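Please open the structure in a viewer and keep the selection tool at hand.

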Amino acid sequence: MTAPLVEIRELGFHYPDGTPALDGVSLAVARGERVAVLGPTGSGKSTLLQHLNGLLRPTAGGVWIEGVTVDAGPGLSDIRRKVGLVFQDPNDQLFLPTLMEDVAFGPLNDGVGPVDAAARATAMLRELGLDGVGARAAHHLSGGERRLAALATVLVSRPVVLALDEPTGDLDARGRMRLVDLLRARGETLLVATHDLTLARALCGRGVVLYGGRVVADRELGALLADRALLERYGLESPSGE
Amino acid sequence: MAHIPDGFLSAPVVAGTAAAAAAVLALAAQRSRQRLEEREAPVLGAATAFVFAAQMLNFPLGAGTSAHLLGGVLVTAVVGPWSGMLVLFAVVLVQALLFQDGGIAAVGANTLNLAVCGGGGGFVLYKLSLGLVGEGRRRRVGAAAVAAFGSTLLVGCAVAAELALSGTVPLMPALVIVGGAHGIVAVGEAALTAAILGALLRARPDLAAAVAVPPRATRRWGYGVLALAVGLAVVATGVASSRPDVLTAALDRLGAVGGEPAGTAGSLPNSRSPIGGPWVAAAVGVLITFALVWGAVRLARPRRSRS
Amino acid sequence: MSFHHLDQFATVPSPVTAMPPVARLVGATSVAVGAATLPLGAWPAAAALGALVAAMTLLARVPVPLLLRRMSGPLAFVLLASAGLLVFVPGDPVLDLGWVAVTRPGVERFGFVLARAVVALSAAVLLVTTTEFPDLLDALRRLRLPRVVTTALSLAYRLLYLLMEELERLLRAARSRNAGAGAASRRRLAAGVAAAVLQRAFARAERTHRAMLARGYQGELATLTEWRWRAWMVAALATLLGLVLVTAVLARG
Ligand SMILES: Nc1ncnc2c1ncn2[C@@H]1O[C@H](COP(=O)(O)OP(=O)(O)O)[C@@H](O)[C@H]1O
Ligand SMILES: [Mg+2]
C-alpha cells in the first residue's frame, strides 16, 4: 500500500503568543480526493492549511506529503512546489506591480528562465479567462477576477495538492459555480477550508469538521450534511434552499 | 522645503551630495544585509508604503499651518537605522521620479537630508535619548519625540547649508528661514512620531525590541552630546538674534518659503508663520527641547537609583 | 489615489516609448542634471536644453498643454521657494519695497533658478508621462540600485493602494462619528489613523511574506521583462547624452 498523498498525524500547534489552535489533528488524504475542511471562524482551518507546506511548524505531531515529512530540511522547496496554497485574502497573494509578474513569481523562484516563465504565466492566465489583464495591477481587477488571479499564481507551478482557504469569501453564486467547474475539471487533490456548505457540496466528496482545533467529524460529505444536529452543534449552517 | 527642487543647487553641491549619499547608501545596503537587522523584504515594503501614505495625510499644527510626517526617526526606530535609511531613500527617489516632489538632480541632496541626516542622524539621537531615559514604552516614546524634533532641525540645517554652499542664498537667511521653518515642523514631527510610535508599541510590543536600549556606560556620552547640542543651539540663537533687523522684516513677507509643496500632498495654503516668524519658533524649539529632555531625565532617575 | 494618470502616454507608440525604460530614465536624468547644474546666467545653454526637451516631447507625442499642466503644481512650489531670492541676494536695488528691496542680481538669480527648474522639471514630467511604474522599477534594477531598495519599492507599489483604501475607510469611519472638529482633535485623529495604517501595513506584510514563501521565495526578486536594444536606440541615447554634455561644457567655457 502506498502512503497517502497527504498525511497529518496527531498535529498540535499553538501560536507563539500561547493561543492554542490545533490539538491532535489526524487526517489522511488520498490522491484525487477532494476534502472540505469545515468549521466556524477560529476553529483552526487556516492554521491547519499553513502546516501543509511548512509555513507553520507543528508543536506536536507532524505532516507528510507523499511520505516526505514537512520540516525545515532541504526538501522544503520541493514540498512548497507540490502543495499550492491559496490564501484567504487574494490581496496577500498579489503583491507585485502587474498580474504577469505575480503569476510568473512562482516559476521564476523555481529556476525557470524569464522567457519560459512569462510564457507559462500567459498560458495560465488564458486558461482562467484572464487574458488581456496580465499587464494590469491587481487593484484594477474586480473581486472575482482577483480571486481567479490568486488561484493562477498557485496553479502555474503545477501543484499536486491544492489547499484553498475560504475561496468563495467574495464571490457571488455565479463566480462560485465557475470556480467549482474549473477545479473539478482540473482534478488536483483538494483541501478546501470553508464554512460555505454550498461550495463544499458542489465540489467535495468528503467533509472534515474542525472545532476548537480538533477533528470532530470525518465522513462522506452527503452523510455529513444530512446530519442536522451535528451541523447545528458546530455552528455550521446547512446549504441554502433545503 | 524638505524636498529641494531642481534649480536651487550648484553643480559641485549636486555632485558632492550625490557622492556622499551614494557612499552612505552603499554602506547601508551592505550593513543591513550583514546584520540581518534587515527584516524581511515585505516589512521594508510596508514601511516604504506607509511613509508614502502618511505623507499624504496633513496634520494641522494650529495657526493655519500644517505639515506632513517626514518619518526619519519613526522608520529607523522600527526597522533599524541601515534598512531605515534605504527605505527613506526609496521614498525620496520615487517622490522625485513620480511626483516631482523634489528634483531629479537633487535626489542626492534630498537623500542626504532626509535619509542620512533625518533617518540616520535621527536614529543616533534616538539611541542617545534612549540611553538617557532607559527602558519602558513611555520612555521610548519620549526619546523618539526628542529625536524626531532634533532630526527635523538637522534636516533643516542640512537644506540651509546646501542652499548656501550653492551660492543660491546667503547662509544666514537660509539658516534662519529654512531652519526656522523646520523648527515649526519639528514640533509636529515630534508629536506625530510620539503618537504613532506609542500606538504601535502598545499594539505590537515586539517591535520595540528592534532597537536595544544602550548600556548605562554610554549614557554619559548621551549627556555630553546633549549638552553640546543645547549649547550650540543657544549660541546659534544668539548669533541669529544679534542681527534680527533685516531678517524679521523679510520673514514677514517670506514666511511661506519654508512650506511643503502643495499639490502633491493634496493640500493646504500652508505654512503661514505664526506671530514673530520662524525665528521665534526656533528659539521656542530650543526651549522645548530643553524642557523635554529635562523632563525625560527627571523621569528616568528614580527608577535607576532603585535598580 | 492613483498613479494611473501618470503614465497615460506609456502605451502611445512612439520612438520614446520604444526605448528601454533604462534608456528613458538615463536620458531624462541627464537632461535634468545638465539643466539643474548650469552656471548662473548661462541662458543660451538653458534654452538649448529646453529645446531638447521640447523635441523629445514632440517625438513622444505627448500634448504640450498636458505637459504644462503636470508641471504647474511643482512649479508653483518652485516659484514660492525662489521668491526669496529677489530680496536676499545683495546688490543694486531696483524696486524699493520699504522694508526690503528687490535687487538686480536678485532678479537675475530668481529668473535663472526658475529657468533651470522649468527645464529639469519638464524632463522629469516627460519621463513619468511615458513610463509606467513597473518599467521605471525595472530600470532602477538594471542601474544596480541596492536590491533592498528595488524590492521594497516593488512591494510598496501594490501595498500603497491597499493602504490608501484602508486610510480612506478609516477616515470615513472617523468622520461619520463626527470626529475631527478643531485642530487638536483633528491632529489626534490623523495620528490615530496613521498608527492604525502602520499596524495594518505590518500585518499585511507578514501575510504577504508567507504568501511569497509558499511560492518558493528565497530572498531574491527575479525580473521578467526583457528589453531589446537596437542600434538606433543606442545611437539616440548617445546623441542625447552627447548634446547635454556639449551644452554643459559650452556653458562653462
Ligand atoms: N497569528 C496568530 N497569532 C495568535 N493567534 C492566532 C493567530 N492566527 C490565528 N490565531 C488563533 O488561532 C485560532 C485558529 O485560527 P484560524 O486557524 O485562523 O481559524 P479559522 O481559519 O478556522 O477561522 C483562533 O483562536 C485564532 O484566534
Ligand atoms: Mg481562516
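**First stop: the antiparallel sheet of chain A**

Select strands S2, S1, S4 and S5 of chain A, which in that order make up an open sheet of 4 strands with antiparallel pairing. At its edges lie strand S2 (20-29) and strand S5 (68-69) of chain A, each of which pairs on one side only. The model shown is a predicted one. Strands of a sheet are held in pairs by backbone hydrogen bonds, and the pairing may be parallel or antiparallel.

Begin with S1(A) and S2(A), whose antiparallel pairing extends over 6 bridges.

- Glu7(A) has Trp64(A) as its bridge partner in S4(A).
- Arg9(A) stands opposite Gly62(A) in S4(A).

Continue from S4(A) to S5(A). The two strands run antiparallel, with 2 bridges between them. Select Trp64(A) again: its bridge partner in S5(A) is Thr69(A), while in S4(A) this tryptophan is itself the partner of Glu7(A). The hairpin of S4(A) and S5(A) has 2 residues between the strands, and Glu66(A) takes a positive phi near 45 degrees there.

**Second stop: the mixed sheet of chain A**

Now select strands S6, S7, S8, S3, S9 and S10 of chain A. In this order the 6 strands form an open sheet, and the pairing is mixed. Strand S6 (83-86) and strand S10 (214-220) of chain A are the edge strands, each pairing on one side only. On average, neighbouring strands of this sheet are turned by 15 degrees against each other, direction ignored.

Select ligand 1 and display its surroundings. Which residues surround ligand 1? They are Tyr15(A), Asp17(A), Thr19(A), Ala21(A), Pro40(A), Thr41(A), Gly42(A), Ser43(A), Gly44(A), Lys45(A), Ser46(A) and Thr47(A). Helix H1 (residues 45-51) of chain A gives the most to the shell, with 3 residues.

- Thr19(A) places a polar side-chain atom 3.5 Å from a nitrogen atom of ligand 1.
- Gly44(A) has a backbone N or O atom 3.1 Å from an oxygen atom of ligand 1.
- Ser46(A) has a polar side-chain atom 2.7 Å from an oxygen atom of ligand 1.

How much of the ligand does the protein bury? Taken alone, ligand 1 exposes 560 Å², and the protein buries 66% of that area.

Turn to chain C and select strand S1 (residues 93-96) together with strand S2 (residues 101-103). The two run antiparallel and are joined by 3 bridges. Pro93(C) has Thr103(C) as its bridge partner in S2(C). S1(C) and S2(C) form a hairpin with 4 residues between them, and Gly98(C) in the turn has a positive phi of about 90 degrees.

**Last stop: confidence**

Finally, colour chain C by pLDDT. The average for this chain is 84, and 92% of the residues score at least 70. Where pLDDT is low, predicted coordinates should not be read in detail. The model as a whole scores ipTM 0.89 and pTM 0.82.

Terms used
Residues numbered from 1 in each chain as written. Chains lettered and ligands numbered in written order. Predicted model: local features only at pLDDT ≥ 70, side-chain atom pairs only at ≥ 80, totals over all residues. Heavy atoms only, no water. Near = heavy atom within 4 Å. Polar contact = N/O pair within 3.5 Å; in protein donor to acceptor, adjacent residues only side chain to side chain. Areas by Shrake-Rupley, 256 points an atom, 1.4 Å probe, with all protein chains shown as cover. Pairing = 2+ DSSP bridges. Axes fitted to C-alpha atoms, helices over the stretch in contact; angles between N-to-C directions. pLDDT = per-residue confidence, 0-100.
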